[in-house]
Amino acid sequence: MPRPRKRLPGAAGPDEGPAGKRTQTKNPGEASAKVENSSPQKTSASKNCAKNLSSYWLMKSEPESRLAKGVDVKFSIEDLKAQPKQTACWDGVRNYQARNFLRAMKLEEEAFFYHSNCKEPGIAGLMKIVKEAYPDHTQFEKNNPHYDPSSKEDNPKWSMVDVQFVRMMKRFISLAELKTHHQAHKATGGPLKNMVLFTRQRLSIQPVTQEEFDFILSLEEEEPS
């Protein structure tokens with residue numbers, strides 16, 4: 001998505017839209033990769049959450065075409081893999097908590113690339129952070145679906161990071177499969193018992209704990225449940 005890299009087309013979902021407009025999603029509870037809206041009151045809490053919780057992340061994007069203000073917001077892991085140096089910026093986030101998670105990310109931290117707002121949502125692959133947070137240029141572009149007229153260039157509200165493709169998952173890990181484990185782990189105290197994907201479903205940028213990350217990677221070696 002960047003220029004000269006390809007700019008991430010700001011895949012959006014239920015809580016998403018440049019001015020707080022909600023767009024309908026095919027999977028309730030599935031906000032996609034970028035643009036949500038939330039209150040700034042949660043800012044400090046989310047900063048602390050990111051610092052305390054995570055060196056791993058889950059980042060949502062829409063793999064299927066959808067027009068927002070005439071712009072196709074599709075961006076799949078295959079699209080990322082096809083970019084020069086397999087690198088793109090992750091723009092369009094318009095939720096304060098998700099933005100603060102972006103700002104907490106450090107170089108080389110890994111993230112699950114999650115396909116959202118599609119027929120079968122789930123984790124498609126891995127990427128890593130290759131540039132820490134900096135101002136998201138789309139907030140200033142009047143023709144962009146993520147334009148924010150209240151953001152000023154001398155005090156930008158919104159940030160983005162650059163990500164680079166690492167690998168595809170050995171098999172696609174669906175939301176349905178993750179949810180089955182989450183429900184079981186709530187009873188047994190397993191690794192996914194408190195996963196943000198289920199406790200704060202609409203967030204497009206989410207922290208993932210080491211325990212959650214390792215467990216999800218272990219699922220690659222198993223048959224789908």
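Predicted model: local features only at pLDDT ≥ 70, side-chain atom pairs only at ≥ 80, totals over all residues.
Residues are numbered from 1 along each chain as its sequence is written, and side-chain values use heavy atoms, with hydrogens and water left out.

The protein has six helices and eight strands (DSSP runs numbered from the N terminus: helices are H or I of at least four residues, strands E of at least two). From the N terminus the order is α-β-β-β-α-β-α-β-β-β-α-α-β-α. Of the 225 residues, 56% count as buried (under 20% relative accessible area; exposed is over 50% and partly exposed in between, with a 1.4 Å probe and protein chains only). Among contacts (heavy atoms within 4.5 Å) between residues at least 6 apart in sequence, 73% join residues at least 24 apart.

Strand 1, residues 56-61, has six of its six residues buried. Tyr 56, Leu 58 and Lys 60 lie on one side, and Trp 57, Met 59 and Ser 61 on the other. Strand 1 runs parallel to strand 5 (residues 110-115), joined by six bridges; two strands pair if DSSP finds at least two bridges between them. Met 59 stands opposite Phe 113 of strand 5. With strand 8 (residues 205-208), strand 1 pairs in the antiparallel sense over four bridges, and Tyr 56 has Val 208 as its bridge partner there.

The structure holds seven salt bridges (a side-chain nitrogen of Lys or Arg within 4 Å of a carboxyl oxygen of Asp or Glu). One of them joins Arg 94 and Asp 136, with the closest N and O atoms 2.9 Å apart. Arg 94 is in the loop between strand 4 and helix 3, and Asp 136 is in the loop between strand 6 and strand 7, 42 residues apart. Both residues are buried. In another salt bridge, Glu 221 meets Lys 170 at 2.6 Å, N to O. Glu 221 lies in the segment after helix 6 and Lys 170 in strand 7, so the pair ties together parts 51 residues apart in sequence. Glu 221 is exposed at 57% relative accessibility, and Lys 170 is exposed at 58%.
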